[in-house]
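Morning, everyone. Please have a look at the chain on the screen, and then I'll walk you through a few parts of it.

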Amino acid sequence: MLATGSWDRTVRIWDIDAGKELRIIERGAHTAPITSVAWHPNGALLATTSADFTTCLWDASTGNRLRTLKEHFGWVTRCSFAPDRTKLATSSWDKTVRLWDPNTGELISTLRGHTKGVWSCAFYPVGHTSALLASAGEDATARLWDTRSRKVALTLSGGHADAVYSVAWSADGTLLATGSADKTVAIWDPKVGRILRMLQAHDDTVKDVCFTPQEDNNNLLASAGGYNAVLWNPKSAMNNTLAELRQHEYGKEVECVSISHNGKLIATGSRDGKVCVSTIPDFPKDDFFDISKQEKRNWRQESSAPAARVIKKDPSLEKKDPSLDRKDPSLPLFNTEDAAPAARHVESHPMIEQFKAAQQQPGQNQPPAPRKTTVNDTEALLRAMRLRNQAAEEEADSRPVIRPKEREAKPDVPITVESIMRDSKPVLGQKVKVRTSTYLQTEQ
């Protein structure tokens, strides 16, 4: 199955084999565009983040909303579940990363250290703890956190010249990838914060990066940005580019990418409103030092062919949004003519320049007809968005807010990324208990 979220405020679950929608989750839950989607490790729960400053948790089988998490003061840009299922991390434009208990909705702690908005977060995937978390921000850095002490264990800086939009761990936890507005992808050694290599193949901002989810598959890296998606071999010192995907409408940027759990399918989402799912070629399981130019050319020709499946929404499953019938002129309506799907399995960032907010006029039964956004409209919208985010940041810094009591941090101890990784791995022969998730209460 594939879950997607969009700027039309809907979440859709798809049958990839049939290319059909299985379910459309309630549109009215979020009052602004959805920025990311994440599956719980057990596959029964779905989390969505939004530009309305909230995160929602859903029962994927029924589509019921379980709870809404409200503590951020800016756009919530991405979320990540911990491998031990006890924490959910959310990153936000309010310069913080917040940790939640997904079973109760309780705020556990707040991580503060970024000097600008935080675009992405990802838990260390190895072991059965949630002690190590990576985040990426507008301040051109990525940070590795010890969630037990709520302190930065390591700051990755100097690799990018502009904002870092995405961060991802390899399946074995030995590599960390970051994508940036400087059009590059950086591969890091997370133990020491050293750059191993810089990858360049995009003609615009790299919005998303991801590795193959399982260690026994090829350890491939995928990135999305500009008008293409690229498959890389992250461990090779040369010939890193394996395949380039250009399957979306020309001129529409690719916003997100995800690889299936078995490592055989790759999905990309674009501003053309489509999700393309393609088969990943069978690459040799080595460091690819002997790849010939002819073999690479053949793979690129195969990847540039039409996608195996192009997913489009089914009009028969559409439900009329009741908010469109309201005659309150203060109700914000969103022009989704060029809305881009967000997913993880496939996710997106809130950077669609052609987003147009219109207001329904009193005395009319229908909202105004959408029109093409002009350059002046786009500049005015971006200025308004920057002012709104700046106001949210100032409010978060100065406004006295009564927040749920955070759990006490452990006493100060020397923190290193390597020690956190070592603590995350279970000892040979040790019995590890994984918390069973229960979701009993449905939000009305």
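Let's begin with valine 164, which lies in strand E16, residues 164-169. Strands here are DSSP runs of E with at least two residues, helices are runs of H or I with at least four, and both are numbered from the N terminus. A word on the source: this is a predicted model, where local features need pLDDT of at least 70, side-chain atom pairs count only at pLDDT 80 or more, and totals for chains, interfaces and linings use all residues. Residues are numbered from 1 along each chain as its sequence is written, and side-chain values use heavy atoms, leaving out hydrogens and water.

Is valine 164 buried or exposed? Buried, with a relative accessible area of 1%. Buried means under 20%, exposed over 50%, and partly exposed in between, using a 1.4 Å probe and protein chains only. What does valine 164 touch? Its contacts include Trp119, Ala136, Thr178 and Ser180, not counting residues up to four places away in sequence. Contact means heavy atoms within 4.5 Å. Also, valine 164 and aspartate 182 are 18 residues apart in sequence and 8.5 Å apart in space, C-alpha to C-alpha.

Next, the cores. A nonpolar core is a set of buried Ala, Val, Leu, Ile, Met, Phe, Trp, Tyr and Cys residues joined through side-chain atoms within 4.5 Å. The largest one has 20 residues, and Leu132, Leu144, Trp169 and Leu176 touch the most other members. Elements giving two or more residues to this core include strand E13 (132-137), E16 and helix H3 (417-424). Apart from this core lies another, of 15 residues, among them Cys210 and Phe283.

Now a sheet. Four strands form an open sheet in the order E20-E21-E22-E23, with antiparallel pairing. Strands E20 (206-211) and E23 (241-245) stand at the edges, each with a single partner strand, so one side of each has no neighbour in the sheet. Strands E21 (221-225) and E22 (228-232) pair over five bridges. DSSP must find at least two bridges for two strands to pair. Serine 223 has valine 230, in E22, as its bridge partner.

Last, confidence. pLDDT is the predictor's confidence in each residue, from 0 to 100. The protein chain averages 77, and 69% of the residues score at least 70. Over residues 320-371 the pLDDT is below 50. It stays under 50 over residues 427-442 too.
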